[in-house]
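Dear colleague,

Please find the structure below, followed by a short account of what was found in it.

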Amino acid sequence: MRDILIAPSILSADFTRLAEAVVEVEAAGADLVHVDVMDGVFVPNLTFGPPVIRALKRVAGVPLDVHLMISNADETVGWYLEAGADYVTVHAEACRHLHRVVQAIRGAGAKAGVALNPATPVSVLHDIIRELDMVLVMSVNPGFGGQSFIPGSVGKVADVAEMARLAGADVLIEVDGGMNSSTAPLVAGAGARVLVAGNAVFCSEDPAAAIAAIRESALRAQV
């Protein structure tokens, strides 16, 4: 049995008290803090930039898992690395030179991930999966929190896991969108090990219990 990592998404936190939110979910058992960076171009929403990541880095005792939902990662990935991101995930659909961006992330000492939107085929990873630390399967369309889980994501997770196995690639598979104690076992059983949970954690009266429930349900589903 392999560890299941829970990454609460601060997109669902109270924006007036982000530092406190990070401290609270870390104390509640979070393994990572997921930071959704949105530019209003690649996705129809605006959220955080490098100054917020730099501020969160000062209070976070767990790694910052920074998800760049932006159209210009080729030009700006360095901003997020300099701000202190520990994991940086870019979208295959948004990078003109995906391999170069991945090299830049790893060259800076961070972990590199590539995200796949619901309609993006797993095949885009074929030539780069050996270079990655993480693959993020979006189980909702990116841009907003609180959406419903797309069931077809389970098969995509399994496809990524099989591609990684055949390639001999040691990658974490992360899933983002609609994660809770009911959906977590579906993707964990298919090979996911990092689960991004927003509303399920931050809208819970007991974040520690919510994190524990998600983790335990996922662990029971592992094969």
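The lining of the second largest pocket comprises 11 nonpolar, 11 polar and two charged residues. Here Ala, Val, Leu, Ile, Met, Phe, Trp, Tyr, Cys and Pro count as nonpolar, Asp, Glu, Lys and Arg as charged, and the others, Gly among them, as polar. A pocket is an open set of points on a 1 Å grid over the protein atoms alone where a 1.4 Å probe fits, with protein on both sides within 12 Å along at least five of seven lines; lining residues have an atom within 4 Å of a point.

This is a predicted model, in which local features need pLDDT of at least 70 and side-chain atom pairs pLDDT 80 or more, while totals for chains, interfaces and linings use all residues. Residues are numbered from 1 along each chain as its sequence is written, and side-chain values use heavy atoms, without hydrogens or water.

The second largest pocket holds about 270 Å³ of space, a volume being the space filled by probe spheres set on the points, which are joined across faces, edges and corners. Of its 24 lining residues, Gly145, Gly146, Asp176, Gly177 and Gly178 are the closest to its centre. Strand 2 (33–38), strand 8 (194–197) and helix 7 (199–202) each supply at least two lining residues; helices (H or I, at least four residues) and strands (E, at least two) are DSSP runs, numbered from the N terminus.

The structure holds zero disulfides (pairs of cysteine sulfur atoms within 2.5 Å).

Yours sincerely
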